[in-house]
Amino acid sequence: MAVVHAGAPAAAGTPPSPGDRQCSGAGRVVGLDGIRGLAALYVVVHHCWLLTFPGYPANTGPGWLGWLVYGRLAVVAFIVLSGFSLAISPARDAWRLGGTLRFARRRAWRILPPYWAALAVSLVIASVVPSLPLSAPPTLRSVVVYGLLMQDVVAAPAPNGAFWSIAVEVGLYLVFPVLVLIRRRAGAVATLAAVTVPVVVIGLLCRDLSTTARATGYTLELAPLFTAGVLAAGVVAAPERIRRLPWHRLAALAAVPVLLLVVVQGSVWTVRHYYWVDLAAGPAIALFLAAVATRRPAGLVRLLDSRPLRAIGGFSFSLYLIHLPIVALISRRVVAPHLGSGLPAFWATLVVAVPICLMAARGFAALVETPFQRRRPGEPRTTAGRRGPEEKTG
C-alpha cells in the first residue's frame, strides 16, 4: 500500500477529512490487522469443533456452539479483506496499479515462500501420520499439484485441507490488475457487474454447482467477493460526503438478512447453498471494511487495533497455513484416545491446540514470512523497512 501522508487522527467517532488517512505507522489502515487476527482465530477454533463433533455439515454439538459450523465464512471474509487491502494503494493513486509485473513479483515474494515452507511441513506430517483427518497421505502428484498451486483444478491427495483457499487467492491475484483497469476506465458499477453477473447466471443455470455441499475447492462466487473488497477500498480516497456515510449501519443492515437466513435454514442447508450465501454475505463484509477504514464504530475499531489482535493479525497468514495439521494431531493423537468426541474433547482440544498453534505460527512467521514482508525482491537488506498492509495480505 502506498505510504500515506501523516495527519492528526480524527476524534473518536468523528469521520476524518480526506487528508486524514487514519493510519498508525506507514500506510497501515487501523483495524485491518485485528480483523485478520479474529478471522484466523475463528478458523482454528472451527477446526477444533469440526474434529470433535462428527456429522458435518449437521451440528451435532450443543446448539450454543452452532456458530462454529461456518468456518467457510471466515475464508469469505479473508477474500473480501484481501481485495480491500490490495486495492487501497491503487485507490489512492486514481486506480493506477504501478505496473502489473511489479505487482505480480511482490505478490509471489510475499505468498510463495511461506506457502511452500508450510507445504513441506504438511507433506512430512501427512506422510508420517497418514491417518490424520482433513489430509491424505501425499504422493508425487500431491507435491507437483500443490507446489504449483493447481489443487483447485487438478485432483491430488491433500497434505493440508486448508490449502484450497490459497490457490483461489492466487487465482484472484491474477485478475486483480484487470479489475483495477476496469475500475479506472469504466467505474465501480461496471466493474462489479462484469464479475458478478456471469457468476449469478452460471449459478442459476448450473444448479449442481451452486447447491453442492462442499466447503472447499474452487468456487466462482469468491470472485465477486474479492471484487467487492477492491471497490470498497475506494472509501479511503473518497470525498468527505462519501466518507461520512454510516457505513457501519449499512453493513449491519446488509448482514441481518443473511444471518436470519442461516439461523432459520440451519447448517445443512447453508453449507449446501454456500454459493449463494457467500454472495449474500459479501456486501455486508465489504461495507464493514469501509466502516473500519473510516474508524466507525470507534469502540470496535479500538478493539480491533488492540495489541493482541494486531499481533495475531501480523502472523495470521502463517497461522492459517500451519494450524490444521497441529489441530488434527492434538485432536486425534492426544485428546481422542482419552476423551473420544463431544464437548469435553472440544474443550480439551481448544485449550491445548490454540496456544500451540499461536506459538508455532509466530515462530513460523518469524522464520519464513516476516523476512519477506520486510524486504522486497531485489531490495538490499540494509534498505529494507516495514511494509504496508498490502504486503501482509495472505
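**Note on the helical model**

1. Start with helix α15, residues 343-368. At 1.5 Å a residue, its 26 residues should span 38 Å, and the end C-alpha atoms lie 36 Å apart, which agrees. The expected span is 1.5 Å times one less than the number of residues. Helices here are DSSP runs (H or I, at least four residues), and strands are E runs of at least two, both numbered from the N terminus.

2. Basis. This is a predicted model; local features need pLDDT of at least 70, side-chain atom pairs count only at pLDDT 80 or more, and totals for chains, interfaces and linings use all residues. Residues are numbered from 1 along each chain as its sequence is written, and side-chain values use heavy atoms, with hydrogens and water left out.

3. Overall make-up. The chain has 16 helices and 0 strands. Of its 394 residues, 52% count as buried. Buried means under 20% relative accessible area, exposed over 50%, partly exposed in between (1.4 Å probe, protein chains only). Among contacts between residues at least 6 apart in sequence, 77% join residues at least 24 apart. Contact means heavy atoms within 4.5 Å.

4. Back to α15. A kink of about 25 degrees sits at Ala353, shortly before Pro355. The bend at a residue is the angle between axes fitted to the seven residues ending there and the seven starting there. Ala353 is also one of the buried residues of α15, which include Phe346, Leu350, Cys357 and Phe364. The buried residues of α15 pack against α1, α3 (100-128), α14 (316-339) and α16 (370-374).

5. Helix α1 against α13. The axes of α1 (residues 32-50) and α13 (residues 307-314) come within 7 Å and cross at roughly 75 degrees. Axes are lines fitted to C-alpha atoms, for helices over the stretch in contact; angles run from 0 to 180 degrees between N-to-C directions. The two helices are therefore roughly perpendicular (65 to 115 degrees; under 35 is roughly parallel, over 145 roughly antiparallel, the rest oblique). Among the residues that meet are Asp33, Arg36 and Leu41 in α1, and Leu309, Arg310 and Ile312 in α13.

6. Backbone points to check. Most residues other than glycine have a negative phi, and most peptide bonds are trans. The Tyr56 to Pro57 bond is cis, with omega near 15 degrees. Pro57 lies in the loop between α1 and α2 (71-92). Arg296 and Pro297 are also joined by a cis bond, omega about -10 degrees. Arg295 has a positive phi, near 60 degrees, and lies in the loop between α11 and α12.

7. Trp95. Its phi is positive too, near 60 degrees. Trp95 lies in the loop between α2 and α3. It counts as buried, at 7% relative accessibility.
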